[in-house]
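Q: Hi! Could you walk me through this one with me looking at the model on my screen?

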Amino acid sequence: MFSGGLKDNFDLHNHSTCSDGLLSPTELVALAAHTGTHALALTDHDTVDGTAEAAQAARTHGIRFIPGVEISVSWGDTTLHVVGLDVDPAAPILVEGLNSIRDGRFGRGQQIAGLLEKLGFANTLEGAMAQAGRPEKLSRAHFARHLVERGWVKDTQHAFDKYLAKGKPAYVPHRWAELGDAVRWIRSAGGVAVLAHPGRYNLQPMMREEMLKQFGAFGGEAIEVVTGSHRPEEYALWQREALAHGFLASRGADYHGPGESPYEPGRLPALHASLTPVWSKWAH
Ligand code: AMP
Ligand code: MN
Ligand code: MN
Ligand code: MN
């Protein structure tokens, strides 16, 4: 699957139990080491809580670790995700910004549970909270897992497709960070801002161009091209967009856990040779 250079198996988008992943940071790093990943980024949603543990595990396994985060952004009516790579997890502007958006997660969860209740699914707040562990982590992914656990849907993808995705009956619109703020927090923490899975937002070509233009103008430097959240037939489009807009390219499994993601960490195709990888910014 990976056919890049000897030390170039970078996987720069992965989740742990510090947000909606199923493996602890230590377990995630162990898996990445096992699959032959040379450099791994932990990019939990709206938190850097797992980075110290992951860094320690990476030292144990002798792989390189890049502290990261995946910030939820509201861009008009569209939710975008912006990954920050090589951030200082202690940078106050970043930490305060992330805290400010995580505060809204539990309230949104209460509203999601209310809508699910009307659809005949009782007590999902308790069930999703049992999955999440902490209120500020509460994610639609935890609701999806709970619906599977109760036998109401056959897998988490169906939970999104039938109930939780935008436009479905248990979707609750939410205001996250502003795009410019998310990029600013990342840059103030010394990191590089990467637009996550740009193919996931279902934008028409004009809006797509506008998103890329604004992201670049705010100081965004890279976009994900090869990711578990793109269908392989989408890679060519985002490769062209990266080249056309002068963005660096990123690669990441967007791994959430066994059975929930198409690629394990490090086990996804290499970036096309025409692209400049985002990791070219960092000394080897
Ligand atoms: P939240 O941040 O609570 O809105 O949850 C977003 C997370 O839910 C994403 O990071 C994915 O892990 C998952 N997710 C969102 N949309 C989908 C979808 N259409 N299919 C499967 N998983 C999804
Ligand atoms: Mn997620
Ligand atoms: Mn995402
Ligand atoms: Mn992700």
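Q: How many Å separate the manganese ion (ligand 4) from the manganese ion (ligand 2)?
A: In this predicted model, the separation between those two manganese ions, ligand 4 and ligand 2, is 4.5 Å.

Q: And what are the protein donors of ligand 4?
A: The manganese ion (ligand 4) has H13 and H15, each through NE2, plus E70 through OE and D254 through OD. These donors lie 2.1 to 2.2 Å from the ion.

Q: How are those donor residues spaced in sequence?
A: The pattern is H-x1-H-x54-E-x183-D. H13 and D254 link distant parts of the chain, being 241 residues apart. H13 is in the loop between β1 (10-11) and α1 (25-34), while D254 is in the segment after β7 (248-252).

Q: Are H13 and D254 buried or exposed?
A: H13 is buried, and D254 is buried too.

Q: Switching to rings: how many aromatic pairs are there?
A: The count is 4 aromatic pairs. One of them is F10 with W279, a stacked pair with 4.6 Å from centre to centre and 0 degrees between the planes.

Q: Where do F10 and W279 sit in the chain?
A: F10 is in strand β1 and W279 in the segment after β7, so this pair also links distant parts of the chain, 269 residues apart. F10 counts as buried, at 1% relative accessibility. W279 is buried as well, with a relative accessible area of 6%.

Q: Why is the pair of F121 and Y163 edge-to-face?
A: Their planes are at 80 degrees, and over 60 counts as edge-to-face. The ring centres are 5.2 Å apart.

Q: Which parts does that pair tie together?
A: F121 lies in the loop between α4 and α5 (124-132), and Y163 lies in helix α7, so the pair ties together parts 42 residues apart in sequence. Both residues are buried. F121 and Y163 also form one aromatic cluster with W152.

Q: Let's stay with α7. Which of its residues are buried?
A: In helix α7 (residues 156-164), the buried residues are T156, A159, Y163 and L164.

Q: Why do they line one face of the helix?
A: Seen down the axis of α7, the buried residues fall within an arc of 60 degrees, so they line one face.

Q: What do they pack against?
A: The buried residues of α7 pack against α4 (105-118) and α6 (140-149).

Q: Last one: where does R208 lie?
A: R208 lies over the face of W238, 5.8 Å from the ring centre.

Key
Residues numbered from 1 in each chain as written. Chains lettered and ligands numbered in written order. Predicted model: local features only at pLDDT ≥ 70, side-chain atom pairs only at ≥ 80, totals over all residues. Heavy atoms only, no water. Buried < 20%, exposed > 50% of the residue type's maximum accessible area, 1.4 Å probe, protein only. Helix = DSSP H or I, 4+ residues; strand = E, 2+ residues; numbered from the N terminus. Arc of directions from axis to C-beta. Contact = heavy atoms within 4.5 Å. Donors = N, O, S within 2.8 Å, 3.2 Å for Na, K, Ca; no water. Phe/Tyr/Trp six-rings, centres within 6.5 Å; stacked < 30°, edge-to-face > 60°. Lys NZ or Arg CZ within 6 Å of the ring centre and 35° of its normal.
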